[in-house]
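User: I would like a close look at one part of this model, the surroundings of the ligand. Please go on to the helix packing as well.

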Amino acid sequence: MQDKPVALVTGANKGIGLQIAKDLTAHGFTVLVGSRNLEKGETAAKSIGADAHGLQLDVTNQDSISAAAERIRSELGRLDVLVNNAGISHQGQPGRPLEEVGKSGRPSVASLEEVRAVFETNVFGVIAVTQAMLPLLREAPTARIVNVSSGSGSLTLNANPTNSHREMFGAVYSPSKTALNAITIAFAIELESTGIKVNAVCPGFTATDLNNFEGTGTVSKPRDIPCALHCSTRTVRRAHSQTKDTNSRGDVVSSGTGSRRYV
Ligand code: NAP
């Protein structure tokens, strides 16, 4: 088993996941760059440095998930941090304008196939990867699980009539993040006694393929706004370093200091 702590970031071949992987290596972690396309993962890992390694991982494929867990055990022997970052906002290829995605995601017209595909990645994928990695995480001295969620999943924000972004709340992406928040809390409660902390974070509206690069922040310079939608890889690190007596619980995101920590 190696001395350095090991972090796995799913969907880390680009976007926010890649930035999280970069930041974690800069903070002393060996990072596994999860990618459903191994070549892309290895290219991304090379761009980070010697402490990053590509790992084939499709969060919707149980064989791929099991093989990834086995490889971590046999090659590194430990896993300290799991960042469930992989996510999609729609079923199509990158390049769909956000306005069109929003309109086609309205509950009255949303394609059930698309709802299922988005939940498969954003919700079921997180459960499957977390379950597969838990045996390794349970053996780590201070394991952490960080789920990359979104303020758009907050029931409180979306129910607020003064929230100007409510029209983006459809039947596809936002509810998948609402479900992810609920699952985050469920895992946190179950694992509380083991010392494994489970948190959800929101990176803010960041220009990536997920939103056709219409986001107003960038992966290395998150949008600095006085509300819950501001969070960055700093939050992932803070979630990792969080100690038991600073925990709080809730599903309202409203602080200017970053994302809400669920537990
Ligand atoms: P992105 O640039 O599109 O990156 C998404 C990553 O997820 C890619 O690496 C993609 O891999 C991967 N992925 C998708 N499906 C996968 C699967 N089945 N298995 C493994 N990996 C898969 O988007 P992003 O903005 O960085 O998104 C990262 C996370 O941040 C998501 O959970 C998203 O919901 C969340 N988020 C983003 C924003 C924002 O404004 N960007 C705001 C709030 C929350 P491929 O390259 O193979 O497609």
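Which polar side-chain atom lies 3.1 Å from an oxygen atom of the ligand?

Analyst: That atom belongs to the side chain of N211. The model is predicted, so a word on its terms comes before the rest. Residues are numbered from 1 along each chain as its sequence is written, and side-chain values use heavy atoms, with hydrogens and water left out. Local features need pLDDT of at least 70 and side-chain atom pairs pLDDT 80 or more, while totals for chains, interfaces and linings use all residues.

Now the contacts. A polar contact is a pair of N or O atoms within 3.5 Å; within protein, one must be able to donate a hydrogen and the other to accept it, and residues adjacent in sequence count only if both atoms are side-chain atoms. T206 places a backbone N or O atom 2.7 Å from a ligand oxygen. For L210, a backbone N or O atom is 3.4 Å from an oxygen atom of the ligand. Taken alone, the ligand exposes 900 Å², and the protein buries 94% of that (Shrake-Rupley method, 1.4 Å probe).

The shell comes next. Around the ligand there are 28 residues (a heavy atom within 4 Å). The closest are R36, N85, Y173, T206 and T208. By class, the shell holds 10 nonpolar, 13 polar and 5 charged residues, with Gly counted as polar. Two or more shell residues come from each of α1 (15-26) and α7 (173-191). Helices here are DSSP runs of H or I, at least four residues, numbered from the N terminus.

Both of these helices pack against others. The axes of α1 and α2 (residues 38-48) come within 10 Å and cross at roughly 40 degrees (lines fitted to C-alpha atoms over the stretch in contact; angles from 0 to 180 degrees between N-to-C directions).

α7 meets α5 (residues 112-139): their axes come within 8 Å and cross at roughly 20 degrees. α5 and α7 are therefore roughly parallel. This crossing is right-handed.

Technical notes. Angles under 35 degrees count as roughly parallel, over 145 as roughly antiparallel, 65 to 115 as roughly perpendicular and the rest as oblique. A crossing is left-handed if the near helix is turned anticlockwise from the far one by less than a right angle, and right-handed if clockwise.
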